[in-house]
Amino acid sequence: MGHLAQRDLNATRERLRDQVAHALRAALISGELRPGAVYSAPALADDFGISATPVREAMLDLAREGLVEPVRNKGFRVTEVSESDLDQYTAIRALIEVPTVGQVTRSATREELEALRPVAEEIVRAARDHDLIGYLEADRRFHLSLLALCGNERLVETVGDLRKRSRLYGLTALDESGELIPSAEEHLELLDLMLAGDAKGAEKCMARHLGHVRSLWARGESAQGSAGRRSRPAKRAATG
């Protein structure tokens with residue numbers, strides 16, 4: 001956990017709680033915080049060099065996102081997601097998102113679709129810049145904004161919850177191999193198909209994208225796990 005102390009926590013730019021949550025998300029994605037491990041707020045606060053209160057508040061924010069879960073008198077456990085869970089989440093997303101993309105292709109205006117292009121380009125840029133936090137945040141905005149064009153708020157909430165539950169950790173290996181870039185570029189392909197009015201093509205692209213993402217995440221997690229077994233990062237044990 002020694003690397004956490006090196007993260008920039010400039011409270012003059014934004015609230016300390018938000019900065020801690022951002023740093024913890026980065027540690028989750030990189031694999032520095034391991035799935036299944038329990039971390040206490042005081043121990044993490046020592047690594048950051050701050051008080052435990054903003055760390056505890058940040059961990060509660062992550063708990064609401066489904067990334068960690070409280071463990072009574074110990075701290076927070078990093079959520080583990082099984083292969084079966086991921087398959088089920090992906091299947092549900094496909095049932096919702098594939099036909100919705102077809103519907104939006106037929107009903108959205110060109111201006112509404114074009115408004116998503118900067119976000120799609122941001123996803124590609126983040127992948128090329130090795131900005132994993134930026135990649136995931138832009139990807140979330142693109143997908144949920146696209147679905148919102150169908151006018152069903154509950155549908156968007158449901159997919160948003162599924163995305164939180166299925167977020168995987170250890171994407172560093174995928175980033176280093178460059179495999180995130182083709183996945184990122186699929187957002188532009190999807191948008192172009194929708195702008196061309198090709199509803200069936202857009203549905204096929206979305207189905208392929210969801211399957212691609214599922215396989216990429218699985219390979220990234222496997223690679224991260226292998227690296228962790230060879231050389232696990234030092235972790236501070238939860239002390240309550």
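The model is predicted, so local features need pLDDT of at least 70 and side-chain atom pairs count only at pLDDT 80 or more, while totals for chains, interfaces and linings use all residues. Residues are numbered from 1 along each chain as its sequence is written, and side-chain values use heavy atoms, with hydrogens and water left out.

Let's start with H3, residues 52-64. Helices here are DSSP runs of H or I with at least four residues, and strands are E runs of at least two, numbered from the N terminus. The 13 residues of H3 should span 18 Å at 1.5 Å a residue, and the end C-alpha atoms are 19 Å apart, which agrees. That expected span is 1.5 Å times one less than the number of residues.

Now for the pairs. Two packed helices are described by the angle between their axes and the distance between the axes. Axes are lines fitted to C-alpha atoms, for helices over the stretch in contact, and angles run from 0 to 180 degrees between N-to-C directions.

| Pair | Axes come within | Crossing angle |
|---|---|---|
| H1 and H3 | 8 Å | roughly 60° |
| H7 and H8 | 9 Å | roughly 155° |

H7 and H8 are therefore roughly antiparallel (angles over 145 degrees). In their contact, Leu-136 and Leu-147 are among the H7 residues, and Leu-155 and Val-159 are among those of H8.

Note on methods: Parallel < 35°, antiparallel > 145°, perpendicular 65-115°, else oblique. Contact = heavy atoms within 4.5 Å.
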